[in-house]
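Hi everyone, thanks for making time for this. I'd like to walk you through one model, so let me put it on the screen.

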Amino acid sequence: MTFVESFKQPSIVMRIAIGKGIGFAVGLLGFFLIPTLVPEAGLLFRWAILLWYTTFGAIIGVFGVFTYHPVLHLPMPWWFRAPIIGAWLNFVLTLFIHDELKTYMATLFGPDGQLASPFWFVFEGAVVGLLIGYLCTRYGGEGKETVRDQDSL
């Protein structure tokens with residue numbers, strides 16, 4: 001198998017690399033946009049967003065192996081799995097940085113604005129998760145094929 005052909009095979013490593021790359025791009029976008037949208041946001045918050053989305057992408061990439069729920073006996077296609085994971089990850093992050101995020105959202109949308117709730121960050125996680133899940137599946141494959149022994153090909 002040639003080097004180029006190896007990229008056409010489903011691979012968990014490829015899924016993780018794609019997820020991390022897209023997550024890094026989203027995080028980088030946040031890193032540079034946050035100071036223009038919310039000038040009082042500190043450098044630590046910006047770095048946290050950059051590193052968060054890089055990790056976020058890797059986690060969605062890893063979860064591409066699971067295409068079936070063993071307890072509920074239900075299929076878990078990428079368009080279901082990735083947004084759920086993305087929303088869950090951002091929900092947990094929102095719980096940790098709720099006060100800071102609430103301040104930033106109030107700055108952006110006004111204290112009584114409809115989008116001022118920090119929990120809109122959960123929806124954003126679902127959308128980014130959907131994008132990452134699609135691209136990971138499209139170019140890295142999914143399911144058991146991603147973890148088979150690559151030397152046997």
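A quick word on terms before we count anything: helices here are DSSP runs of H or I with at least four residues, strands are runs of E with at least two, and both are numbered from the N terminus. With that in hand, the chain has six helices and two strands. Going along the sequence, the order is α-α-α-β-β-α-α-α. Please keep in mind that this is a predicted model. For the overall extent, the C-alpha trace spans about 60 × 35 × 20 Å along its principal axes.

Let's turn to how two of the helices pack. The axes of H3 and H4, the latter being residues 78-96, come within 10 Å of each other and cross at roughly 145°. That crossing is right-handed. On the H3 side, the contact is made by Trp52, Tyr53, Phe56, Ile59 and Ile60, and H4 brings Ala82, Ile85, Gly86, Leu89, Asn90 and Leu93. Sorted by class, that gives nine nonpolar residues, two polar and no charged ones.

So where do charged side chains pair up? Arg81 forms a salt bridge with Glu142, with the closest N and O atoms 2.9 Å apart. Arg81 sits in helix H4 and Glu142 in the segment after H6, so to speak a link between distant parts of the chain, 61 residues apart. The total count of salt bridges is one.

Methods: Residues are numbered from 1 along each chain as its sequence is written. This is a predicted model: local features need pLDDT of at least 70, side-chain atom pairs count only at pLDDT 80 or more; totals for chains, interfaces and linings use all residues. Side-chain values use heavy atoms; hydrogens and water are left out. Axes are lines fitted to C-alpha atoms, for helices over the stretch in contact, and angles run from 0 to 180 degrees between N-to-C directions. A crossing is left-handed if the near helix is turned anticlockwise from the far one by less than a right angle, and right-handed if clockwise. Contact means heavy atoms within 4.5 Å. Ala, Val, Leu, Ile, Met, Phe, Trp, Tyr, Cys and Pro count as nonpolar, Asp, Glu, Lys and Arg as charged, and the others, Gly among them, as polar. A salt bridge is a side-chain nitrogen of Lys or Arg within 4 Å of a carboxyl oxygen of Asp or Glu.
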